[in-house]
Amino acid sequence: VQLQASGGGLVQAGGSLRLSCAASGRTLSSYGMSRYAVAWFRQAPGKERECVSVINRSGGNTYYRDSVKGRFTISRDNAKRTVYLQMNSLKPEDTAVYYCAARSTISSASIEIRQMAYDYWGQGTLVTVSS
């Protein structure tokens with residue numbers, strides 16, 4: 001599975017961005033995107049990578065870290081093999097490189113926030129929020 005993250009950029013505080021994570025690969029052709037739970041992580045300069053949001057295989061179960069609740073929305077379109085992160089009311093502290101990651105799971109409700117649980121990672125997209 002290959003993941004391609006996109007949509008980052010420079011935005012003023014209070015603005016919005018939508019990140020996309022497009023999946024491809026031979027395994028997807030056989031089993032489809034619905035086999036994978038997907039997460040967005042971020043890493044700010046000098047800080048550890050942290051989990052921002054997770055969506056389960058079907059899209060019916062999600063997780064958000066406290067600092068983004070009410071501002072970020074994760075969603076997925078399995079037919080398009082794409083997961084989105086809509087980010088509204090952005091703050092300077094949201095500045096980071098955002099990575100999407102996927103894991104194959106047999107549990108339809110599974111939500112996992114540990115980095116080590118994810119098998120596939122995208123290359124990252126930079127989000128910069130100016131004050």
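Rings of Phe, Tyr and Trp (its six-membered ring) pair if their centres lie within 6.5 Å; planes under 30 degrees apart count as stacked, over 60 as edge-to-face and the rest as tilted. The structure is a predicted model, in which local features need pLDDT of at least 70 and side-chain atom pairs count only at pLDDT 80 or more, whereas totals for chains, interfaces and linings use all residues. Residues are numbered from 1 along each chain as its sequence is written, and side-chain values use heavy atoms, with hydrogens and water left out.

One of the aromatic pairs consists of Y36 and Y120. The ring centres of Y36 and Y120 are 6.1 Å apart and their planes stand at 75°, so this pair is edge-to-face. Y36 belongs to strand β4 (residues 36-43) and Y120 to strand β10 (residues 120-121), so the contact ties together parts that are 84 residues apart in sequence. Strands here (E, at least two residues) and helices (H or I, at least four) are DSSP runs, numbered from the N terminus. For accessibility, buried means under 20% relative accessible area, exposed over 50%, and partly exposed in between (1.4 Å probe, protein chains only). Y36 has a relative accessible area of 1% and is buried, whereas Y120, at 26%, counts as partly exposed.

Another edge-to-face pair is formed by Y118 and W121: the ring centres lie 6.5 Å apart, with the planes at 70°. Y118 is buried at 5% relative accessibility, and W121 is partly exposed at 28%. Ring pairs also bring in F41, so that F41, Y118 and W121 are linked into a cluster.

Aromatic rings also meet charged side chains. A charge sits over a ring if NZ of Lys or CZ of Arg is within 6 Å of the ring centre and within 35 degrees of the ring normal. R103 lies over the face of Y118, 6.0 Å from the ring centre. The charged end of R49 is placed over the ring of Y99, at 4.0 Å from its centre.

The strands that carry several of these residues may be considered next. Two strands pair if DSSP finds at least two bridges between them. Strand β9 (residues 96-104) has seven of its nine residues buried, so β9 is largely enclosed by the rest of the structure. β9 pairs with β4 in the antiparallel sense over eight bridges, and W40 has C100 in β9 as its bridge partner. Two bridges, again antiparallel, connect β9 and β10; here A101 stands opposite W121 in β10. β9 also runs antiparallel to strand β11 (residues 125-130), to which three bridges join it. In β11, T125 is the bridge partner of Y98.

A further group of strands makes up an open sheet. Its four strands follow the order β1-β3-β8-β7, and their pairing is antiparallel. At the edges are β1 (2-6) and β7 (72-77), each of which pairs on one side only. From one strand to the next the twist averages 15°, where axes are lines fitted to C-alpha atoms, for helices over the stretch in contact, and angles run from 0 to 180 degrees between N-to-C directions. Within this sheet, five bridges hold β1 in antiparallel pairing with strand β3 (residues 17-24), and Q4 has A22 in β3 as its bridge partner.

Side chains of opposite charge can pair when their charged atoms come close. A salt bridge is a side-chain nitrogen of Lys or Arg within 4 Å of a carboxyl oxygen of Asp or Glu, and the structure holds six of them. E50 forms one with R42, with 2.7 Å between the closest N and O atoms. E50 is partly exposed at 25% relative accessible area, whereas R42, at 6%, is buried. E50 also meets R65 in a salt bridge, at 3.5 Å from N to O. R65 is partly exposed, with a relative accessible area of 22%. Through shared partners, salt bridges join R42, E50, R65, R71 and D94 into one network. K69 and D66 likewise meet in a salt bridge, at 3.1 Å from N to O, and D66 is exposed, with a relative accessible area of 62%.
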